[in-house]
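Me: I have a model open and want to go through how it is put together. Can you walk me through it?

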Amino acid sequence: MPAALPTEDRPASRYETIRNALREAILSGQATAGLVLVEAPLAELFGTSRVPVRQALNLLHEEGLIRRFEGRGFLIDPDGRSKAPIRVPLTRELLGLEPQEDLIDYRPLGERIYDHLAETVIRFMVFGHYRIDEQSASEELNVSRNVVREALMRLRDKGLVEKEPYSQWLAGPLTAEAVKQDYELRMLLEPDALRQGVEHVPRGDLENMLGRIIRAQEAGRGVQRVDIEQLEQDLHVTCLAGLSNARMAAVIRQCQIPLNVGRVLHESLNTSNDEAMLVEHRLVFEALLYGTVDSACSCLRDHISKARERTLQRLKVLSVLPEPEVPRYLERLA
């Protein structure tokens with residue numbers, strides 16, 4: 001049976017989903033000014049841990065939509081006017097959400113913890129070398145240590161963490177040399193994977209993928225990061241999913257870790273658009289639809305080469321940015 005590249009990556013991280021839902025509720029006026037937002041009730045409503053809720057609230061605070069006050073939580077105050085705190089139970093209706101909207105995460109606990117730890121590791125590995133403490137993580141995430149360990153073992157299989165016998169779990173650092181090596185492998189392997197995999201992708205799907213690129217180009221600076229990540233998923237995961245060589249698929253999967261640098265830079269600088277990347281992606285899909293597979297493979301190889309240089313430049317930018325607030329189960333190593 002052909003081995004497919006992973007498709008479990010969600011188009012938006014959990015904290016972005018929470019931030020977007022709250023932001024829309026605030027800007028639409030559905031969430032009343034003065035309403036108090038507290039981590040624990042929001043985490044229960046969204047079916048998640050407090051960590052992504054905290055990240056979402058911090059982003060809304062930076063945007064000026066909520067503010068701190070003399071009390072627990074944040075006060076909704078988009079206009080900067082003083083409002084008396086309104087402490088009421090948070091419900092779907094208060095957030096402007098339809099009753100049938102599936103906010104609660106019904107996935108197995110292990111899947112949720114795995115996704116959370118993967119998101120955390122990806123976010124911090126570009127800032128340095130970290131030790132992950134199983135016990136602290138289990139306490140922070142309110143799960144058993146076995147659940148945390150199983151998630152970390154899956155992350156090790158994906159190449160995101162490592163563990164020596166009888167030692168701690170380690171994550172990062174994502175160095176310039178590691179990025180160069182990963183991109184060199186991708187330049188060798190992904191074009192051939194595209195040649196094998198794209199024949200399993202219906203033409204209608206390829207047309208839809210090209211359409212998403214064009215819409216992103218038209219949106220300019222207004223394009224959302226979730227849309228950019230979908231474009232990366234289209235080219236570097238979906239179009240390669242028909243690859244039959246399981247070992248080759250595993251190597252490609254691990255070498256795609258530098259794709260996360262773009263997400264981290266977006267979080268730090270609040271930028272989404274990458275015009276050069278959009279042009280390069282468009283050339284690949286136009287070649288697939290209106291040219292030849294050989295031409296598309298050549299365009300993909302050129303894109304990966306140029307993406308390598310952009311990623312190295314982004315790493316330099318990240319090196320001078322302040323490190324995000326570190327969860328207590330991560331310890332930075334010297």
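Me: How many helices and strands are there in the protein?

Reply: The protein has 13 helices and 7 strands. Keep in mind that this is a predicted model.

Me: What share of the residues counts as buried?

Reply: Of the 334 residues, 47% count as buried. As for contacts between residues at least 6 apart in sequence, 78% of them join residues at least 24 apart.

Me: Let's do sheets. In what order do the strands of the 4-strand sheet run?

Reply: The order is S5-S6-S4-S7, in an open sheet with antiparallel pairing. Strand S5 (161-163) and strand S7 (330-332) are at the edges with a single partner strand each, so one side of each has no neighbour in the sheet. From one strand to the next the twist averages 30°.

Me: And inside that sheet, over how many bridges do S4 and S6 pair?

Reply: Strand S4 (residues 130-132) and strand S6 (residues 169-171) pair over 3 bridges, in the antiparallel sense. Tyr130 stands opposite Ala171 in S6.

Me: Which helix packs on the sheet?

Reply: Helix H6 (residues 145-157) does, and it touches S4, S5 and S6. The direction of H6 makes about 50° with that of S6.

Me: I clicked on Ile132. Buried or exposed?

Reply: Ile132, found in strand S4, has a relative accessibility of 1%, so it counts as buried.

Me: What does Ile132 touch?

Reply: Leaving out residues up to four places away in sequence, Ile132 touches Val121, Leu152, Val161, Gln168, Trp169, Ala171, Tyr329 and Leu330. Take Tyr329: Ile132 and Tyr329 are 197 residues apart in sequence, while their C-alpha atoms are 5.8 Å apart in space.

Me: Back to H6. At what angle do H5 and H6 cross?

Reply: The axes of helix H5 (residues 134-141) and H6 cross at roughly 115° and come within 8 Å. That makes H5 roughly perpendicular to H6. The crossing of H5 and H6 is right-handed.

Me: Which residues meet there, in H5 and in H6?

Reply: On the H5 side they are Glu134, Gln135, Ala137 and Ser138, and they meet Arg145, Val148, Arg149 and Leu152 in H6. By class, the contact of H5 with H6 divides into 3 nonpolar, 2 polar and 3 charged residues.

Me: Which residues make the contact?

Reply: Among them are Leu206, Met209, Leu210, Ile213 and Ile214 of H8, and Leu278, Val279, Phe285 and Leu289 of H12. The contact of H8 with H12 has 12 nonpolar, 2 polar and 4 charged residues.

Me: And where is Asp274?

Reply: Asp274 is in the loop between helix H11 (260-269) and helix H12 (275-290). With a relative accessible area of 11%, Asp274 is buried. Not counting residues up to four places away in sequence, Asp274 touches Arg310 and Arg314.

Me: Last pair: at what angle do H7 and H10 cross?

Reply: Helix H7 (residues 176-197) and helix H10 (residues 246-255) cross at roughly 135°, and their axes come within 9 Å. That makes H7 oblique to H10. H7 passes H10 in a left-handed crossing. The contact residues include Leu185, Arg186 and Leu189 of H7 and Met248, Val251 and Ile252 of H10. By class, the contact of H7 with H10 has 7 nonpolar, 1 polar and 4 charged residues.

Note on methods
Residues are numbered from 1 along each chain as its sequence is written. This is a predicted model: local features need pLDDT of at least 70, side-chain atom pairs count only at pLDDT 80 or more; totals for chains, interfaces and linings use all residues. Side-chain values use heavy atoms; hydrogens and water are left out. Axes are lines fitted to C-alpha atoms, for helices over the stretch in contact, and angles run from 0 to 180 degrees between N-to-C directions. Helices (H or I, at least four residues) and strands (E, at least two) are DSSP runs, numbered from the N terminus. Angles under 35 degrees count as roughly parallel, over 145 as roughly antiparallel, 65 to 115 as roughly perpendicular and the rest as oblique. A crossing is left-handed if the near helix is turned anticlockwise from the far one by less than a right angle, and right-handed if clockwise. Contact means heavy atoms within 4.5 Å. Ala, Val, Leu, Ile, Met, Phe, Trp, Tyr, Cys and Pro count as nonpolar, Asp, Glu, Lys and Arg as charged, and the others, Gly among them, as polar. Two strands pair if DSSP finds at least two bridges between them. Buried means under 20% relative accessible area, exposed over 50%, partly exposed in between (1.4 Å probe, protein chains only).
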